[in-house]
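Trainee: I am new to this one, could you walk me through it?
Mentor: Gladly, let us look at it together.

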Amino acid sequence: MSNEEHVLEKSETLPNVPLAPAPWDITGNGYIVAVWMPREVIDTNSFLPPDLAHTHRGRLALMMFVDYHESPCGAYKELLYIPGPLSFSSQRTRSITRCFVSTYDSVVNGRRNWGIPKDRADFRIYYGNDGIDRVRVQHQGHPFAEFAFQEKGPSTPFNAALIPRFLRTFGQHWEGHEYVYTPSATGHVQWATLLESQFDAAYFPDLSRGKVLAVIKARDFNMRFQPATITRIAAPFPGQIR
């Protein structure tokens with residue numbers, strides 16, 4: 001069974017939580033890992049949306065772990081995966097295809113505002129005095145992701161506005177709608193190392209099968225998520241391939 005068939009809260013009734021509409025201003029710290037993935041992992045173990053899987057190109061994937069200190073729905077933790085770009089109605093852009101967060105407030109509002117396929121999980125984080133940060137993520141008592149980072153070198157100011165807009169734009173398909181949005185961010189970044197990692201591919205892409213190209217730690221960042229442009233996905237004609 002490919003992991004695209006694995007569902008978590010998508011088949012469950014989510015609790016009622018306070019709605020937190022966009023825009024969002026959020027702060028926190030986190031890590032970004034760039035990985036060159038094997039083609040078979042990209043094609044079968046990246047949780048690609050079925051209607052967009054055939055449009056995927058490239059083998060560069062990103063994993064992000066983020067500890068959000070403040071957001072309109074409260075503090076929460078997040079682990080997400082971004083494969084290469086997919087073809088949406090107006091452009092080719094990257095998409096979050098797997099995402100776990102620590103609160104249902106983030107699950108509900110992330111799906112509602114931006115179509116991000118969020119599921120809830122439990123996070124255990126150990127920030128070491130030796131500069132090594134360890135993270136363990138589990139779902140219903142089952143650990144499915146464990147990794148450790150170590151920062152290195154000095155930090156430097158960062159502004160996402162210096163990155164071309166098309167590289168900062170994301171697209172999502174969720175419940176019959178297409179969402180397109182472009183976050184912005186400022187903060188400080190520094191190089192880091194992924195010391196170790198372990199993943200259960202039924203829950204999250206197994207990055208240990210790829211080659212890590214770079215790891216960046218983001219410190220004291222401020223991100224702004226504007227409202228997404230939302231359009232209804234047209235139903236395909238009979239026999240039409242999507």
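Mentor: Let us start with Cys99, which is buried, its relative accessible area being 0%. Buried stands for under 20% relative accessible area, exposed for over 50% and partly exposed for what lies in between, with a 1.4 Å probe and protein chains only. Do keep in mind that this is a predicted model, where local features need pLDDT of at least 70, side-chain atom pairs count only at pLDDT 80 or more, and totals for chains, interfaces and linings use all residues. Residues are numbered from 1 along each chain as its sequence is written, and side-chain values use heavy atoms, leaving out hydrogens and water.

Trainee: Is Cys73 buried or exposed?
Mentor: The cut-off for buried is the one just given, under 20%. Cys73 has a relative accessible area of 13%, so Cys73 counts as buried.

Trainee: How many disulfides does the structure hold?
Mentor: A disulfide is a covalent bond between the sulfur atoms of two cysteines. Here the term needs a pair of cysteine sulfur atoms within 2.5 Å. For Cys73, the nearest cysteine sulfur is that of Cys99, 11 Å away, and Cys73 is in no disulfide. The number of disulfides in the structure is zero.

Trainee: What order do the strands have in the open sheet of three strands?
Mentor: Helices (H or I, at least four residues) and strands (E, at least two) are DSSP runs, numbered from the N terminus, and two strands pair if DSSP finds at least two bridges between them. The edge strands of this sheet, strand 12 (170-174) and strand 16 (229-232), each pair on one side only. With antiparallel pairing, the order is 12-13-16.

Trainee: At about what angle to strand 13 does helix 2 run?
Mentor: Helix 2 (residues 104-114) lies across strand 12, strand 13 and strand 16. Axes are lines fitted to C-alpha atoms, for helices over the stretch in contact (heavy atoms within 4.5 Å), and angles run from 0 to 180 degrees between N-to-C directions. For helix 2 and strand 13 the angle is about 90°.

Trainee: What share of the 242 residues counts as buried?
Mentor: The protein has three helices and 16 strands. Along its principal axes, the C-alpha trace spans about 60 × 40 × 35 Å. Of its 242 residues, the buried share is 48%.
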